[in-house]
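Trainee: I would like to go through this structure and ask what lies behind each label.
Mentor: Go ahead.

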Amino acid sequence: MLLEDAQPGPVSLLGSPAASTISGNQAIQLGHKIAVRPHETGEAVIKYGVRIGHATAPIAAGDWIHLHNCASDLDERSNTLEVTTGAPTDTVYE
């Protein structure tokens, strides 16, 4: 999870990763996830040592991990949220 907004290019990794930096492939906002290794479709997505979802498309190292390429294993409704805003897409407002 990013501790600050990141632009494409080097992103410093904290903790005890295999490398101290990774190259981000696109702009990613604070609080969002960046892949530190490639994931195949269907493969588990792990955050803080806990499986939180699975890849719905191939994810390259450095890619933004979010609703467009990852489905939650914890909350089925979160899979219907709008990618950029997080707004519900299954509720009709009049």
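**Labels and their cut-offs**

Mentor: The side chains of Asp 73 and Arg 51 meet in a salt bridge, with N and O 2.5 Å apart. The model is a predicted one, in which local features need pLDDT of at least 70 and side-chain atom pairs count only at pLDDT 80 or more, while totals for chains, interfaces and linings use all residues. Residues are numbered from 1 along each chain as its sequence is written, and side-chain values use heavy atoms, with hydrogens and water left out.

Trainee: Why is the pair Asp 73 and Arg 51 called a salt bridge?
Mentor: A salt bridge is a side-chain nitrogen of Lys or Arg within 4 Å of a carboxyl oxygen of Asp or Glu. The N to O distance here is 2.5 Å, so the pair meets the rule.

Trainee: Where in the chain do the two partners sit?
Mentor: Asp 73 is in the segment after strand 7 (70-72) and Arg 51 is in strand 5 (residues 50-55). They are 22 residues apart, and the pair links distant parts of the chain.

Trainee: How many salt bridges does the rule give?
Mentor: Two. Arg 37 forms one with Glu 43, where the closest N and O atoms are 2.8 Å apart. Arg 37 is partly exposed at 38%, and Glu 43 is partly exposed at 26%.

Trainee: What makes Gly 9 count as buried?
Mentor: Its relative accessibility is 14%, so Gly 9 counts as buried. Gly 9 lies in strand 1. Leaving aside residues up to four places away in sequence, Gly 9 touches Ile 22, Ser 23 and Gly 24, where contact means heavy atoms within 4.5 Å. Gly 9 and Ile 22 are 13 residues apart in sequence and 7.8 Å apart in space, C-alpha to C-alpha.

Trainee: Where is Asp 63 found, and why does Asp 63 count as buried?
Mentor: Asp 63 is in the loop between strand 5 and strand 6 (64-65). Its relative accessibility is 16%, so Asp 63 is buried. Among the residues that Asp 63 touches, not counting those up to four places away in sequence, are Asn 25, Lys 33 and Ala 35.

Trainee: How many helices and strands does the chain have?
Mentor: Zero helices and seven strands. Helices (H or I, at least four residues) and strands (E, at least two) are DSSP runs, numbered from the N terminus.

Trainee: How much of the chain counts as buried?
Mentor: Of its 94 residues, 30% do.

Trainee: What classes of residue line the largest pocket?
Mentor: The lining has 19 nonpolar, five polar and five charged residues. Ala, Val, Leu, Ile, Met, Phe, Trp, Tyr, Cys and Pro count as nonpolar, Asp, Glu, Lys and Arg as charged, and the others, Gly among them, as polar.

Technical notes
Buried < 20%, exposed > 50% of the residue type's maximum accessible area, 1.4 Å probe, protein only.
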